[in-house]
Amino acid sequence: MVRRALLRMGRRDARASALAAAGIWAVHPLLSEAVMGVVQRDEILASLFLLLTLLELDRGRLRLSFVACLLGVASKEIAVAAPLLALLYDRAFLAGSFRRAWRERRRYYLALASTWMPLGVLMATSRHRDNTVGFGLGVSPWSYLLTEARAIAHYLRLGAWPRPLVIDYGTELAPNLGAVWPEGLLVLALLGLTAWALVRRPALGFLGAAFFAVLAPSSSFVPLVTQPVAEHRMYLPLASLIVLLIAGAGSWAGKRLLPAWAAAAALLALATAGRVGDYRAELPLWEGALAASPRNDRAWLNLGTLWSHRGRGDQAIACYRQALALDPGQADTHFDLAAELDRAGLLGEAIPEYREAERLDPERPNAPYYLGLALARSGRLADAVAPLERAAALRPGSAAAGRALAEVRAALGRP
């Protein structure tokens with residue numbers, strides 16, 4: 001498909017240029033989060049099926065293309081762009097016009113559009129996105145749209161110069177239009193160029209549309225309140241940018257740039273290897289996240305957990321307290337702080353944190369269980385009974401909670 005796009009853009013060295021584009025894309029450090037983060041494998045899977053949708057269309061195997069599209073929407077929401085991109089691809093590289101594409105493959109496009117229905121059902125019934133995506137969750141569409149203008153400009157910069165890479169940008173939003181107007185103008189200009197190219201240069205227009213269409217579900221005006229900016233979203237859009245770069249640069253330099261592309265791929269591969277080292281060490285990941293966004297409470301929480309695992313309790317407690325200063329409503333952070341204080345023997349400070357963790361998340365059995373144990377160890381046996389009873393009720397099969405409750409009752413002389 002890349003070769004066909006390059007041929008349509010007048011590149012006679014399309015095979016070599018396609019190989020260069022694929023090589024640079026495969027080793028680019030910006031893809032590291034999607035590849036190395038287990039929870040983002042759905043991004044890769046949906047991208048695979050979206051590409052298969054276009055590949056099977058290109059080969060004329062429309063049934064397989066439809067199946068790939070259906071599997072894509074079952075993988076992740078970004079595959080919602082597949083029907084539109086298939087039509088644009090057909091018009092740009094196969095049929096030559098929308099009218100002919102619709103006339104020759106009308107039933108195919110209706111079938112592709114029908115995949116939006118199961119996608120809608122999956123989104124409506126899945127609890128994976130509860131309280132994280134959509135309207136009415138405390139983030140206005142306008143604020144999110146402004147934030148995404150900044151995010152897209154940032155993605156473009158990382159595509160050209162992938163440093164620094166950040167695993168978690170936090171949830172901070174752009175405060176107003178004045179804070180992001182240069183990025184907003186850039187995005188509007190690129191959208192305008194894409195619209196012009198779709199009319200006058202369909203091959204270029206397809207690549208621009210692919211970039212924006214794949215980003216649209218997460219980087220438009222529908223709020224993703226827990227993660228406004230995320231590098232894994234550039235997994236597939238980056239391919240469009242790389243093809244555009246190689247096609248544009250090669251239009252005046254031709255094959256003379258192939259050694260430069262090879263050198264670029266080698267340098268990018270070295271940078272990616274370095275990023276793999278960050279994932280193995282873990283601490284650089286979260287220290288980098290804090291350097292990029294010091295008000296990122298999740299980064300403070302994760303850094304505290306890493307210090308805790310390394311036996312550095314004082315540093316872990318400091319990180320947890322900083323996370324709570326930024327967002328005091330997180331039950332997990334209160335619980336982790338309580339556990340660290342508990343390990344340090346600071347029961348007087350740990351007990352209020354356990355209570356707050358339970359208040360914020362009453363369905364979590366760990367908080368009342370450890371609260372009861374802390375109260376018992378501090379000599380407050382009578383106070384320990386109620387939280388241990390709650391823990392046993394929340395987890396009826398827990399032998400530990402039942403045993404602790406029985407021991408406290410026995411010490412109090414109760415049956």
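**Salt bridges and burial in a predicted model**

A search of the whole structure, a predicted model, finds 17 salt bridges.

Q: What makes Glu 358 and Arg 390 a salt bridge?
A: Their closest N and O atoms are 2.5 Å apart. The cut-off is within 4 Å, so the pair qualifies.

Q: Which parts of the chain does this pair link?
A: Distant ones: Glu 358 is in helix H18 and Arg 390 in helix H20, 32 residues apart.

Q: Why is Glu 358 called buried?
A: Its relative accessible area is 12%.

Q: Why is Arg 390 called partly exposed?
A: Arg 390 has a relative accessible area of 34%.

Q: What makes Glu 389 and Arg 409 a tie between parts of the chain?
A: Glu 389 forms a salt bridge with Arg 409, with the closest N and O atoms 2.6 Å apart. Glu 389 lies in helix H20 and Arg 409 in helix H21, so the bridge ties parts 20 residues apart in sequence.

Q: Why does Arg 105 count as buried?
A: Arg 105 has 17% relative accessibility. The limit is under 20%, so Arg 105 is buried. Arg 105 lies in helix H7, and its contacts include Leu 57 and Leu 62.

Q: How do you know that Leu 188 is exposed?
A: Leu 188, in helix H10, has a relative accessible area of 58%. Exposed means over 50%, so Leu 188 qualifies. Leu 188 is one of the residues forming a nonpolar patch on the surface.

Conventions. Residues are numbered from 1 along each chain as its sequence is written. This is a predicted model: local features need pLDDT of at least 70, side-chain atom pairs count only at pLDDT 80 or more; totals for chains, interfaces and linings use all residues. Side-chain values use heavy atoms; hydrogens and water are left out. Patches are made of residues with over 30% relative accessible area and no salt bridge: like charges are joined within 9 Å, nonpolar side chains (Val, Leu, Ile, Met, Phe, Trp, Tyr) within 5 Å. Accessible areas come from the Shrake-Rupley method with a 1.4 Å probe; for residues, only the protein chains shown count as cover. A salt bridge is a side-chain nitrogen of Lys or Arg within 4 Å of a carboxyl oxygen of Asp or Glu. Helices (H or I, at least four residues) and strands (E, at least two) are DSSP runs, numbered from the N terminus. Buried means under 20% relative accessible area, exposed over 50%, partly exposed in between (1.4 Å probe, protein chains only). Contact means heavy atoms within 4.5 Å. Lists of a residue's contacts leave out its neighbours within four places in sequence.
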